[in-house]
Amino acid sequence: MRAVVQRVTSASVSVDAIEVGKVKEGLLVFLGISKDDTESDANYIVDKISHLRIFEDAMGKMNESIIDKKGDILLVSQFTLYGDVRHGRRPSFTEAASPEQAQLLYEYVVNQCRLLGITIATGTFQSHMMVELTNDGPVTILLDSKKLF
């Protein structure tokens, strides 16, 4: 499982020009799910996202998590995080999970975050989405449950 985590002052996602999810200060997380991912991978990603110390404390140091800040997360499914372009110019998505498997794990991640008390907004699974954000910092962190980076 892969995630691109961005600290934002605001972010929103729309489908067919209708806003379906929005957050103010918090995180925008793009989540990619591979065909080999399990709940164990999801638990790793949830733990990392919820406890990443990428928000400034009173001293101006990145020392607080989304839980500490009581911020929100906009979670957007993005299978293209498993696009392989090592050969040729057209991405191969053979490592991405099937839509059915991906949706189950995506919803699992959403629910696990909610169990931690984090407010979650989402996009619409398997839809063409338009995402707007104001990256704060900019701060962008890459996560991989297989610890490839």
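Here is a friendly question-and-answer walk through a predicted model and the terms used to describe it.

Me: Before we start, how do you know which residues and atoms to trust here?
Reply: The model is predicted, so local features need pLDDT of at least 70 and side-chain atom pairs count only at pLDDT 80 or more, while totals for chains, interfaces and linings use all residues. Residues are numbered from 1 along each chain as its sequence is written, and side-chain values use heavy atoms, with hydrogens and water left out.

Me: Why is H1 called oblique to H3?
Reply: Helix H1 covers residues 39-51 and helix H3 covers residues 99-115, and they pack at an angle of about 40° with their axes 10 Å apart. Angles under 35 degrees count as roughly parallel, over 145 as roughly antiparallel, 65 to 115 as roughly perpendicular and the rest as oblique. That makes H1 oblique to H3. The axes are lines fitted to C-alpha atoms, for helices over the stretch in contact, and angles run from 0 to 180 degrees between N-to-C directions. Helices are DSSP runs of H or I with at least four residues, strands are runs of E with at least two, and both are numbered from the N terminus.

Me: Is the crossing of H1 and H3 left-handed or right-handed?
Reply: H1 passes H3 in a right-handed crossing.

Me: Which residues make the contact between H1 and H3?
Reply: From H1, Glu39, Ala42, Asn43 and Val46 meet Leu105, Tyr108, Val109, Gln112 and Cys113 of H3. Sorted by class, the contact has six nonpolar, two polar and one charged residues. Contact means heavy atoms within 4.5 Å. For the classes, Ala, Val, Leu, Ile, Met, Phe, Trp, Tyr, Cys and Pro count as nonpolar, Asp, Glu, Lys and Arg as charged, and the others, Gly among them, as polar.

Me: Is Val109 buried or exposed?
Reply: Val109 sits in helix H3 and has a relative accessible area of 0%, so Val109 is buried. Buried means under 20% relative accessible area, exposed over 50%, and partly exposed in between, with a 1.4 Å probe and protein chains only. Leaving aside neighbours within four places in sequence, Val109 is in contact with Met1, Leu31, Ala42, Val46 and Leu75.

Me: What makes Asp37 count as buried?
Reply: Asp37 has a relative accessible area of 4%, so the residue is buried. Asp37 is found in the loop between strand S3 and H1. Not counting residues up to four places away in sequence, Asp37 touches Met1, Gly32, Tyr82, Gln101, Leu105, Ser145 and Lys146.

Me: Is Arg7 buried or exposed?
Reply: Arg7 belongs to strand S1, and its relative accessible area is 7%, so Arg7 is buried. A polar atom of its side chain lies 2.7 Å from the backbone oxygen of Ile54. The residues that Arg7 touches include Phe55, Glu56, Met62 and Asp136.

Me: Why is Asp68 called partly exposed?
Reply: Its relative accessible area is 45%, so Asp68 is partly exposed. Asp68 lies in helix H2, where a polar atom of its side chain is 2.9 Å from the backbone nitrogen of Ser65.

Me: Are Asp16 and His128 buried or exposed?
Reply: Asp16 has a relative accessible area of 70%, so Asp16 is exposed. Asp16 also has a positive phi of about 50° although it is not a glycine. His128 counts as exposed at 66% relative accessibility, and among its contacts is Ser14.

Terms used. Left-handed = near helix turned anticlockwise from the far one by under 90°. Polar contact = N/O pair within 3.5 Å; in protein donor to acceptor, adjacent residues only side chain to side chain.
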